[in-house]
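Thanks for coming. Please have a look at it first.

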Amino acid sequence: MTGRIIVVGAGIIGATAALKLADAGWQVTLCDGHPPGSEAGASYGNGGWISPASIIPMSMPGLWRQVPGFLLDRNGPLTIDWASLPQLTPWLLRFLWAGASKARVRRTAARLNFLLHDGPERHLELARQTGQERLILQNGLLYAYPDRAAFEAEALSWELRRENGVAYAEWDEADLRRRLPALGPAYRFAVHVTKGAHCRDTGRYVAGIVEAARRKGVEFRQSPATAILDAVTPRVVLQDGETLSADRIVVAAGIHSGRLLRGLGVRIPMQSERGYHVTVASGETPFEIPVMPSTGRMANTPTDMGLRLSGQVELARVDKPPNWERAQVLQRHALASYPYLSDDKAPRLRLWMGHRPSTPDGLPVIGPLSRHPGIVAAFGHGHIGIAAAPKTADLVIDALEDRIGEDARPFLPSRFGQ
Ligand SMILES: Cc1cc2nc3c(=O)[nH]c(=O)nc-3n(C[C@H](O)[C@H](O)[C@H](O)COP(=O)(O)OP(=O)(O)OC[C@H]3O[C@@H](n4cnc5c(N)ncnc54)[C@H](O)[C@@H]3O)c2cc1C
């Protein structure tokens with residue numbers, strides 16, 4: 001089927017869906033309160049990793065034992081805002097339960113692999129189609145460790161990656177010094193995920209996808225949706241006063257999707273895993289392979305704007321002001337990882353905070369709502385929204401054409417009773 005469709009939200013998910021829907025023959029209106037690719041969306045400031053290895057959920061066996069330590073460690077990769085704890089607790093318990101056993105994590109990894117295994121190839125094609133080849137590079141992605149023992153301490157993660165066919169090569173200290181001399185001597189072992197890709201400017205990329213979509217007839221309305229209605233026909237009320245009706249609506253408003261759907265009585269458990277970046281804008285980055293040093297657990301990505309250090313998981317209410325101390329943690333890890341950064345005594349830094357839209361079971365929500373079949377969910381991508389966007393857009397189209405395959409069923413909103 002085709003017809004009129006409204007896509008709410010112009011982050012990477014909504015932008016890619018709008019473009020592919022136009023290709024599939026739909027008459028598309030895309031709305032957002034901000035220009036596509038703006039700092040308001042998670043799609044602006046993320047690490048830009050397009051990694052087939054990102055199939056490991058955040059919630060892993062034994063994590064619950066580490067939570068008290070995380071609460072106390074100011075330099076750790078995960079923090080929980082005490083004041084937000086009462087509101088977070090139901091989500092947090094489901095999140096910990098999702099990773100409570102190896103069997104659960106194995107199942108989640110296989111499901112994520114369905115979304116991510118060919119992400120790099122899909123993005124190379126999307127970049128070609130939108131004239132942005134320069135922004136997507138397939139140089140592989142590097143996970144760096146102090147030594148082999150630190151790598152082996154993550155045995156379960158790499159076992160799951162192997163089981164799912166993620167190709168990687170091990171680098172010893174000599175390989176590291178030769179191929180990535182900018183990385184400091186504290187790292188003596190690494191794993192190169194050979195097919196991994198990255199984006200050099202995700203905000204620009206999203207804007208470019210929307211520009212290409214507009215050339216194909218997609219109408220962009222810069223006005224946020226204030227309500228989604230579903231009586232007689234699906235409708236979107238825009239803040240500018242107009243109400244648009246359509247045959248179908250795709251909700252791709254990232255962390256704000258849950259709030260929008262609540263008006264319809266739909267409740268999807270989603271919390272923000274707030275993340276930060278620091279971009280060091282001084283000079284050329286002396287390497288072209290993105291790195292994840294195990295000690296800081298952050299994605300270090302060469303971008304058009306400089307070296308971007310992105311990471312941290314801060315569980316806190318969406319409306320809390322950023323805690324820039326979290327960004328400084330990233331900066332401290334970077335200074336310890338890359339000695340060359342210390343040469344610049346007055347680096348130009350840009351700081352950013354964004355919301356990973358995260359479900360407790362670590363899977364995005366993709367597909368029609370059970371009680372509102374004209375409304376299709378496309379949100380909840382947590383840590384993998386960039387990598388999974390092109391596949392998500394295809395799953396949205398499959399759902400609209402009543403072709404939901406077995407592999408796509410775990411993402412349906414019906415798993416939350418919706
Ligand atoms: C620090 C950090 C690092 C990350 N690193 C990576 C990575 O390396 N690789 C990866 O794959 N993923 C990564 N992610 C995750 C990724 O950024 C997200 O999963 C992805 O951007 C989500 O895309 P989205 O389109 O769903 O949401 P968003 O990009 O947030 O877009 C949602 C859009 O909806 C709009 N909107 C909100 N409310 C309304 C409304 N009422 N009406 C209309 N529009 C509305 C917003 O303005 C926004 O433009 C990272 C995230 C963070 C925070």
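R350 is partly exposed, with a relative accessible area of 44%. Before I go on, note that this is a predicted model.

What does R350 pair with? It forms a salt bridge with E39, and the closest N and O atoms are 2.8 Å apart. R350 belongs to strand 19, while E39 sits in the loop between strand 2 and helix 2, so this pair ties together parts that are 311 residues apart in sequence. E39 is partly exposed as well, at 39% relative accessible area.

Over the whole structure, the search finds 29 salt bridges. I will show two others. R200 and E288 meet through their side chains, at 2.6 Å from N to O. R200 is in the loop between strand 9 and helix 10, and E288 is in the loop between strand 15 and strand 16, so parts 88 residues apart in sequence are tied together. R200 is buried, with a relative accessible area of 12%, whereas E288 counts as partly exposed at 33%.

The other one joins R221 and D240, with 2.9 Å between N and O. R221 lies in strand 10 and D240 in the loop between strand 12 and strand 13, so the pair ties together parts that are 19 residues apart in sequence. Buried or exposed? R221 counts as buried, at 15% relative accessibility. D240, at 45%, counts as partly exposed. There is also a network of salt bridges that links K20, D118, R122 and D394.

Now the ligand. Which residues come nearest to it? Of the 35 residues around the ligand, these are D32, S43, A225, G382 and A387. The shell divides into 17 nonpolar, 16 polar and 2 charged residues. A polar side-chain atom of D32 is 2.6 Å from an oxygen atom of the ligand. From A42, a backbone N or O atom lies 2.9 Å from a ligand oxygen. For I384, a polar backbone atom is 3.5 Å from an oxygen atom of the ligand. On its own the ligand has 1000 Å² of accessible area, and the protein covers 94% of that. Elements giving two or more residues to the shell include helix 1, helix 2 and helix 13.

Last, strand 21, residues 372-379. Of its 8 residues, 7 are buried, so the strand is largely enclosed by the rest of the structure. Strand 20 runs antiparallel to strand 21, joined by 5 bridges, and a hairpin of 2 residues connects them. P368 stands opposite V376 in strand 21. Strand 14 pairs with strand 21 in the parallel sense, over 3 bridges, and there I249 stands opposite I375.

Conventions:
Residues are numbered from 1 along each chain as its sequence is written. This is a predicted model: local features need pLDDT of at least 70, side-chain atom pairs count only at pLDDT 80 or more; totals for chains, interfaces and linings use all residues. Side-chain values use heavy atoms; hydrogens and water are left out. Buried means under 20% relative accessible area, exposed over 50%, partly exposed in between (1.4 Å probe, protein chains only). Helices (H or I, at least four residues) and strands (E, at least two) are DSSP runs, numbered from the N terminus. Two strands pair if DSSP finds at least two bridges between them. A residue is near a molecule or strand if one of its heavy atoms lies within 4 Å of it. A polar contact is a pair of N or O atoms within 3.5 Å; within protein, one must be able to donate a hydrogen and the other to accept it, and residues adjacent in sequence count only if both atoms are side-chain atoms. Accessible areas come from the Shrake-Rupley method with a 1.4 Å probe; for residues, only the protein chains shown count as cover. Ala, Val, Leu, Ile, Met, Phe, Trp, Tyr, Cys and Pro count as nonpolar, Asp, Glu, Lys and Arg as charged, and the others, Gly among them, as polar. A salt bridge is a side-chain nitrogen of Lys or Arg within 4 Å of a carboxyl oxygen of Asp or Glu.
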